[in-house]
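Hello,

Here is the structure you are taking over, and my notes on it follow below. Please read them with the model open beside you.

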Amino acid sequence: MPYIHEQPGWPDFNWNDSALSLVLAGLRHRQGRLLGRMESLGFNLRAEASLTTLTSDVVKSSAIEGEILNPEEVRSSIARRLGIDVGGYVAASRNVEGIVEMMLDATQNYAQALTDDRLFGWHAALFPTGRSGMHWITVGAWRPKEAGPMQVVSGPVGREKIHFEAPAAECLSQEMNAFLNWFNDDSKMLDPILKAAVAHFWFVTIHPFEDGNGRIARAIADMALARADQSKDRFYSMSSQIEAERKDYYSQLEAQQRGALDITGWLVWFQGCLDRALGRAEEMLDGVLGKARLWDHINREPVNDRQRLVINRMLDDFKGHMNTSKYAKLAKCSNDTALRDMRELAKRGILIQNPGGGRSTSYRLAHPDELA
């Protein structure tokens with residue numbers, strides 16, 4: 001069977017509206033409810049929620065492609081660019097700065113037209129050295145004919161599995177002109193969620209760059225979703241959910257590449273993924289609100305700098321429970337000082353001692369409902 005971009009009528013996609021409309025209405029309602037909750041928060045809490053979401057978006061979008069970024073570098077880079085005070089910035093590497101720059105341009109400047117020059121800038125930001133791994137690639141331009149056929153493959157050398165082959169390099173200017181004209185045209189009244197899904201699939205299918213196509217496709221989808229929300233602030237992360245469902249994500253894309261122009265299957269999957277992303281965002285919001293309640297309680301009688309540092313680490317997805325040796329290592333203090341600090345926090349009800357004692361004594365943070 002020919003690839004989808006070889007089908008007669010490409011790229012005139014079609015889909016079954018009745019299979020999408022009910023879920024789409026529910027998604028729009030859930031989006032509105034989440035955004036309404038966020039709008040009710042104060043500026044600092046909204047900034048915290050948006051920073052958490054953007055950090056996850058950048059880290060997970062890279063993880064999908066097998067690139068592991070330091071979350072602290074990403075968070076610091078985003079905070080610095082948005083003017084959010086995070087109590088000291090961490091130096092970020094060039095590849096971190098590049099993907100942060102791309103993601104913020106897509107979401108903060110969502111209303112601006114998407115152009116080939118803008119995409120070239122994103123691509124150059126992703127590959128500041130002109131290399132992808134150990135190999136030189138064409139940066140800031142469509143992939144050249146000399147690069148050969150663009151095959152999306154997986155598996156070890158000699159036993160590669162070809163998932164699909166993208167349109168030839170000679171066709172890229174025409175293909176991308178059609179895509180960009182469609183993306184920037186709002187006259188057809190396509191629901192923005194569906195537009196994000198179609199844009200993601202269409203761009204991945206064209207695969208116009210030698211590398212980085214997946215990350216840029218997800219940034220384009222985020223841009224479309226920001227237009228749907230009419231907000232620069234991001235409170236849910238599609239990339240985080242896609243990373244959690246990475247195997248299914250690739251299976252859905254591959255299956256659609258070998259199908260007809262009816263992309264209902266991909267759109268149904270994208271809607272479901274977005275619904276699950278919104279669910280995770282609601283859990284994140286509950287965490288942000290819980291953190292705010294905890295600090296409101298703590299700041300009635302401020303803690304020392306060591307205690308503040310450790311509490312913040314425990315709030316930021318700290319693994320396991322806190323004990324004397326972990327505290328001393330994090331706060332760079334003696335075990336005696338660590339024990340004294342923890343006992344003071346326990347006396348105030350900020351830390352709760354776990355069952356057991358002696359050398360195995362450990363503590364957890366109090367849940368907001370447990371605070372006196």
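Glu245 has a relative accessible area of 14%, so it counts as buried, the cut-off being under 20%. Please keep in mind that this is a predicted model. Glu245 forms a salt bridge with Arg276, and the closest N and O atoms of the two are 2.6 Å apart. The pair ties together distant parts of the chain: Glu245 sits in the loop between H9 and H10, while Arg276 belongs to helix H11, 31 residues away. Arg276 is at 37% relative accessibility and therefore counts as partly exposed.

Other salt bridges

How many salt bridges does a search of the whole structure find? The number is 20. Two more of them are described here.

One joins the side chains of Arg30 and Glu282, at 3.0 Å from N to O. Here too the partners come from distant parts of the chain, with Arg30 in helix H1 (residues 17–39) and Glu282 in helix H11, 252 residues apart. Both Arg30 and Glu282 are buried. They also belong to a network of salt bridges that links Arg30, Arg33, Asp275 and Glu282.

The other is between Arg218 and Glu65, whose closest N and O atoms are 2.6 Å apart. Arg218 lies in helix H8, and Glu65 lies in the loop between helix H2 (43–64) and helix H3 (71–82); the two are 153 residues apart and link distant parts of the chain. Glu65 has 36% relative accessibility, so it counts as partly exposed.

In soluble globular proteins, nonpolar side chains tend to be buried together. The largest nonpolar core in this model has 90 residues, and Leu119, Trp122, Phe179 and Ile220 are the ones with the most contacts inside it. Helix H11 (residues 264–298) gives the most to this core, namely 12 residues.

Which residues does Ile220 touch, leaving aside its neighbours within four places in sequence? They are Leu114, Leu119, Trp122, Phe179, Phe183, Ala199 and Phe203. Another core, of 22 residues, lies apart from the largest one, and its members include Leu294, Ile311, Cys333 and Ala366.

Two packed helices

Two packed helices are described by the angle between their axes and the distance between the axes. Helix H7 (residues 192–206) packs with helix H10 (residues 246–257) at an angle of about 70 degrees, and their axes are 11 Å apart. Angles from 65 to 115 degrees count as roughly perpendicular, so H7 is roughly perpendicular to H10. On the H7 side, the contact is made by His200, Phe201, Val204 and Thr205; on the H10 side, by Tyr249, Leu253, Gln256 and Gln257. Of the residues in the contact of H7 with H10, 4 are nonpolar, 4 are polar and none is charged.

A loop residue

Ser231 is found in the loop between helix H8 (213–229) and helix H9 (238–244). Its relative accessibility is 13%, so Ser231 counts as buried. Not counting residues up to four places away in sequence, Ser231 touches Thr107, Tyr110 and Ala226.

Regards

Note on methods: Residues numbered from 1 in each chain as written. Predicted model: local features only at pLDDT ≥ 70, side-chain atom pairs only at ≥ 80, totals over all residues. Heavy atoms only, no water. Axes fitted to C-alpha atoms, helices over the stretch in contact; angles between N-to-C directions. Helix = DSSP H or I, 4+ residues; strand = E, 2+ residues; numbered from the N terminus. Parallel < 35°, antiparallel > 145°, perpendicular 65-115°, else oblique. Contact = heavy atoms within 4.5 Å. Nonpolar A, V, L, I, M, F, W, Y, C, P; charged D, E, K, R; others polar. Buried < 20%, exposed > 50% of the residue type's maximum accessible area, 1.4 Å probe, protein only. Core = buried A, V, L, I, M, F, W, Y, C linked by side-chain atoms within 4.5 Å. Salt bridge = Lys/Arg side-chain N within 4 Å of Asp/Glu carboxyl O.
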